[in-house]
Amino acid sequence: MSVTARAVSLLAAFLVVAGLVTFVALYYVGDASSLPTVHYAASGGQVNVVLQEDPQNDSSSKPDWVSYYVQDPATSKWVHTTLFSVPANTKVNVTIYGYDGCTPLRNNYFSAVQGTIGNTVTVSQFDQHGKQYVSNQTTSVINGWSDCNVGHTFAIPAMGLYVPVASPNAQLSANNLCSESPCTTSGNPYALEKFSFVTPDHAGTFRWQCFVPCGGGYLDGNSGPMQALGYMMGEMDVVSS
């Protein structure tokens, strides 16, 4: 084979690999530029971030993917994105509405709350009639092995933050889950979880994601929404004040 033919072959192989990398980045990881970022401003050194996770979403392209939503503090509307910004060196109070069903954790390591203030969360759970059957329980462990009541996780590995996100119990998870997104508290069982952490004292972008294999239809559940921005993976921008 001539030098020219070899060069052409190498160039073609490079373009194929580059194309595959681009496809994976856009399809599986997601295109951050197409997603809105919800901005949270601090008051008194604190900021309140409100999220919900649903068994489906209102996307026209992937409506069956499990997904997080972020509540816009200016309008109180739910935004289908997983990008939000918070100030540096600030206490972040997180509230998560968990509407998706329970999924047994593959590793019970993620049952332990890590990196929050006090290494605890406070959990309440409600049935489809709005009846509260767990009320403001503060705990350092949500054991997804002894009882099916963990739906997903909210984790920021770079900050050592790992939080199991509570779900309705196994019986309620099998019935009555919401079928339209964003979900509401009317007629749907859900868990309400609260915790706090402090952002770093410097600006930066921190990836957060779910570590429960939740990509139905993908090998071991470790692809699809689990690896896609806008669904079960997101970015928290920490901005200098």
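Which cysteine does a disulfide join to C102? Select C102 and C148: a disulfide joins the two, with an S to S distance of 2.1 Å. A disulfide here is a pair of cysteine sulfur atoms within 2.5 Å.

Before going on, note that this is a predicted model, in which local features need pLDDT of at least 70 and side-chain atom pairs count only at pLDDT 80 or more, while totals for chains, interfaces and linings use all residues. Residues are numbered from 1 along each chain as its sequence is written, and side-chain values use heavy atoms, with hydrogens and water left out.

**The disulfides**

Stay on the first pair. The torsion about the S-S bond of C102 and C148 is about 105 degrees, so this disulfide is right-handed. C102 lies in the loop between β6 and β7 (121–126) and C148 in the loop between β8 and β9 (150–156), so the bond ties together parts 46 residues apart in sequence. Helices (H or I, at least four residues) and strands (E, at least two) are DSSP runs, numbered from the N terminus. Both C102 and C148 are buried; buried means under 20% relative accessible area, exposed over 50%, and partly exposed in between (1.4 Å probe, protein chains only).

Next select C178 and C183, which a disulfide joins with S to S 1.8 Å. C178 is buried at a relative accessible area of 5%, and C183 is buried at 4%. A search of the whole structure finds two disulfides.

**The sheet**

Now show the strands. An open sheet of seven strands runs in the order β4-β3-β2-β6-β11-β7-β8, with mixed pairing. Its edge strands, β4 (78–79) and β8 (132–139), each pair on one side only. Two strands pair if DSSP finds at least two bridges between them. Zoom in on β6 (residues 91–98) and β11 (residues 190–198): these run antiparallel and are joined by eight bridges. T95 stands opposite K194 in β11.

**The aromatic rings**

The structure holds 16 aromatic pairs. Rings of Phe, Tyr and Trp (its six-membered ring) pair if their centres lie within 6.5 Å; planes under 30 degrees apart count as stacked, over 60 as edge-to-face and the rest as tilted. Select Y97 and Y99: their ring centres are 6.5 Å apart and their planes at 15 degrees, so the pair is stacked. Y97 is partly exposed at 22% relative accessibility, whereas Y99 is buried at 2%.

Then select F154 and W208, a tilted pair with 4.8 Å centre to centre and 40 degrees between the planes. F154 is in strand β9 and W208 in strand β12 (residues 204–209), 54 residues apart. Both F154 and W208 are buried.
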